[in-house]
Amino acid sequence: MFAKVAEERSFAAAAKAMGVSVATVSRAVTRLEERLGGRLFNRTSRRLALTDYGQTLAERAAKIYADAEQAEDFARETSSRPRGLVKLAAPLSFGTRWVAPILPEFFRQYPDIAIELHLTDAHTDLIGDGFDAALRIAVMEDSSLVARLIAPVSRFVVAAPAYIARYGRPQHPNDLAKHRCLSYANRARSDVWRFTHRKSGKECLITPSGPLRGTSVEALLPTVLEGLAITELPEFIATQYFPAKALEPILTDWFLPEGGLYFVTPTARSRPAKISALADFFIAKLTKAPWSADAAMDPKSRRRKS
C-alpha cells in the first residue's frame with residue numbers, strides 16, 4: 001500500500017486503485033511507519049510528499065508491489081489453466097492395466113501437467129498423505145471426501161479349466177467350503193464372499209479358505225492360472241482372461257456386491273484446473289468400461305444383469 005500511495009501521490013487514488021477504503025490505506029501506512037521507526041510521507045491538507053526516508057524506500061517498495069502483482073497474476077493463470085503437478089493414487093493392478101496405458105494421450109492433451117502416480121492396494125489417506133486425487137474401486141461409504149462415479153465394477157469368482165477338470169465345478173456357494181479359495185490379506189480380519197442369487201435374491205456368505213492370501217490381485221493370479229485354486233477378481237482383470245478361456249466364471253447364477261470406480265478428491269470447492277482436467281479425462285476414457293464383461297464374454301457364458 002505504501003508503494004501504491006508513493007506512485008499515486010494520493011491516499012485516495014491509491015485506495016481507489018486497490019479497491020479498499022482510504023482509511024484502510026492510511027492505517028496501513030501508519031502501521032508501517034511505526035514498525036520502521038520513521039515517517040514516509042509529509043502530509044498537509046493539500047499536499048502529500050515523500051520524505052527523504054520514504055524516498056529511499058519507495059523504489060524497493062515498488063519492486064515488491066510489482067513482484068506481488070506478478071505472483072498473483074501467475075496464481076490466477078495457474079488456477080484457470082491446466083498446469084502443474086498432480087499427486088494421484090490408484091489401485092496397483094488397475095493402475096498398471098488401465099491407467100498407465102492411457103496417460104500418454106493425457107500428456108499429449110495437457111503437456112503442462114505432470115503426474116506423480118502412486119500405485120498401491122493399501123488404503124491411502126488423501127489429506128494426511130498430501131494426495132490431490134485418487135482413483136478408488138470400492139463400495140463408497142459416507143465420507144468427507146468428494147467422490148464421482150466413473151463406472152460400475154462387478155466381481156467374478158473364477159477358476160482355470162484345469163482346476164475345474166481336476167476338482168469339479170462348484171454348483172452352489174456352499175460348495176466352496178470343499179475347495180481351495182484364495183483371498184485378500186488387506187481386507188477386514190475375515191474375507192467374506194457375499195453371494196446373492198440372481199433370481200430368488202437369496203443370500204449366502206462364504207469365508208474362503210486356501211493356501212494363499214495376498215495383498216494384491218497380482219499375488220493371487222499365478223496360482224489360480226496354474227489351476228491350483230479359485231479366487232474372486234474384479235471385472236477389469238477377470239474379463240481379460242475369459243476370451244482365451246484361461247479363466248472361467250463360476251457360480252454365474254449368483255453375483256457378488258457391485259462396487260464402482262470413483263475419482264476422489266479432498267474437496268470440490270476451488271478445484272484447480274489441473275484436477276478438473278484429469279477427472280474429465282478419466283471420465284471420458286473409462287466411463288464406458290473398456291474391460292466390460294459383456295464385451296469380453298461369449299453369449300453362452302455372458303452374465304445376466306441383476
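Modeller: Before we count, a salt bridge here is a side-chain nitrogen of Lys or Arg within 4 Å of a carboxyl oxygen of Asp or Glu. This is a predicted model, so local features need pLDDT of at least 70, side-chain atom pairs count only at pLDDT 80 or more, and totals for chains, interfaces and linings use all residues. Residues are numbered from 1 along each chain as its sequence is written, and side-chain values use heavy atoms, with hydrogens and water left out.

Colleague: How many salt bridges does that rule give?

Modeller: Take the one joining Asp-67 and Lys-63, at 3.2 Å from N to O. With that rule applied, the count comes to 7.

Colleague: Which helix holds both Asp-67 and Lys-63?

Modeller: Helices (H or I, at least four residues) and strands (E, at least two) are DSSP runs, numbered from the N terminus. Asp-67 and Lys-63 sit 4 residues apart, about one turn, in the helix covering residues 52–80, namely H4.

Colleague: How are H2 and H3 oriented to each other?

Modeller: The axes (lines fitted to C-alpha atoms over the stretch in contact, angles 0 to 180 degrees between N-to-C directions) of H2 (residues 11–18) and H3 (residues 22–36) come within 8 Å and cross at roughly 110°. Angles under 35 degrees count as roughly parallel, over 145 as roughly antiparallel, 65 to 115 as roughly perpendicular and the rest as oblique. H2 and H3 are therefore roughly perpendicular.

Colleague: Which residues of H3 does H2 meet?

Modeller: Contact means heavy atoms within 4.5 Å. From H2, Phe-11, Ala-12 and Ala-15 reach across to Val-22, Val-25, Ser-26 and Val-29.

Colleague: What is the strand order in the open sheet that contains S9?

Modeller: Two strands pair if DSSP finds at least two bridges between them. S9 (residues 193–197) and S14 pair in the antiparallel sense over 2 bridges, with Thr-196 standing opposite Phe-255 in S14. S10 (203–206) and S14 (254–255) are the edge strands, each pairing on one side only. The order of this antiparallel sheet is S10-S9-S14.

Colleague: And which residue of S13 is the bridge partner of Val-158?

Modeller: S7 (residues 155–159) runs antiparallel to S13, joined by 2 bridges. S13 (248–249) is an edge strand of its sheet, as is S12 (231–234). In S13, Val-158 has as its bridge partner Pro-249.

Colleague: Which helix lies across S7 and S12?

Modeller: S12 and S7 belong to the open sheet of 3 strands ordered S12-S7-S13. Running at about 130° to S12, the helix of residues 217–225 is H8.
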